[in-house]
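Here's a quick briefing on how this fold packs together. Have a look at the model first, then read on.

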Amino acid sequence: MTQDELKTLVGQAALQYVVPGAILGVGTGSTVNKFIDALAGMKDQIKGAVSSSVASTARLQALGIPVFDSNEVDELAVYVDGADEIDGKGYMIKGGGAALTREKIVASMSRLFVCIADESKRVPVLGAFPLPVEIVPMARRRLQAQFAALGGRATVRMKDGQPLQTDNGQQILDVTGLQITDPLGFETVVSQWPGVVTVGVFAHQKAGVCLLGTPEGILTLKYQ
Ligand code: 5RP
């Protein structure tokens with residue numbers, strides 16, 4: 001099976017976690033796009049979605065799924081999103097699609113994070129994937145030095161020859177060279193550096209379950 005077919009498989013499998021009549025948290029990325037496409041088939045059974053990006057909002061609305069502002073909602077039962085890496089405890093690196101801040105906000109509103117991913121995303125230790133960090137541009141140089149002190153190399157993500165601008169009007173640093181052996185501690189520390197909007201380690205908002213697409217079928221991994 002191709003990676004694309006594995007993404008379709010887990011996108012469809014995540015429908016089992018959709019709570020009828022409820023509002024659902026929806027993430028961002030190519031795997032989530034498969035989920036949104038599958039969700040269209042049961043759109044009359046849900047109240048709507050809270051979305052984590054402009055791109056996902058557009059896709060949901062194009063399929064006729066109502067999108068609610070996050071401030072209209074107290075809590076969500078379920079949030080479905082992809083990951084760039086996921087370890088054995090359900091800790092993740094996210095933000096490959098630059099949507100990490102809104103993803104973390106919607107995840108924090110949700111009782112269960114359902115991660116959907118193909119098996120290439122499963123890793124023993126986070127960090128081989130360049131860690132996305134959303135930053136206030138004024139802090140770039142200082143933050144690059146702070147990551148260098150940890151052994152990382154932080155470069156500004158570019159798009160069309162310019163620094164990529166996130167949905168929140170900020171920039172992304174991608175940090176290579178890190179081995180994140182303590183995701184909880186790392187997220188706690190880096191989140192406090194001035195100018196960091198969101199670090200792409202999702203340890204405090206980790207996955208509760210991961211539907212992992214493999215050539216042998218879907219593995220359901222549950223985390224404490
Ligand atoms: C976007 C994300 C995505 O969930 C992550 O990049 C995985 O994307 P894909 O499903 O396309 O591999 O964090 O900011």
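Helix 4 lies across strand 1, strand 2 (48-51), strand 4 and strand 7, running at about 150° to strand 4. Helices (H or I, at least four residues) and strands (E, at least two) are DSSP runs, numbered from the N terminus. Angles run from 0 to 180 degrees between N-to-C directions, with axes fitted to C-alpha atoms, for helices over the stretch in contact.

This is a predicted model: local features need pLDDT of at least 70, side-chain atom pairs count only at pLDDT 80 or more, and totals for chains, interfaces and linings use all residues. Residues are numbered from 1 along each chain as its sequence is written, and side-chain values use heavy atoms, leaving out hydrogens and water.

**Sheet and helix**
- The open sheet has 7 strands in the order 3-2-1-4-7-15-16, with mixed pairing; two strands pair if DSSP finds at least two bridges between them.
- Strand 1 (residues 23-26) runs parallel to strand 4, joined by 2 bridges, and V26 stands opposite V80 in strand 4.
- Helix 2 (residues 30-39) lies across strand 1, strand 4 and strand 7, at about 155° to strand 1.

Methods:
Contact = heavy atoms within 4.5 Å.
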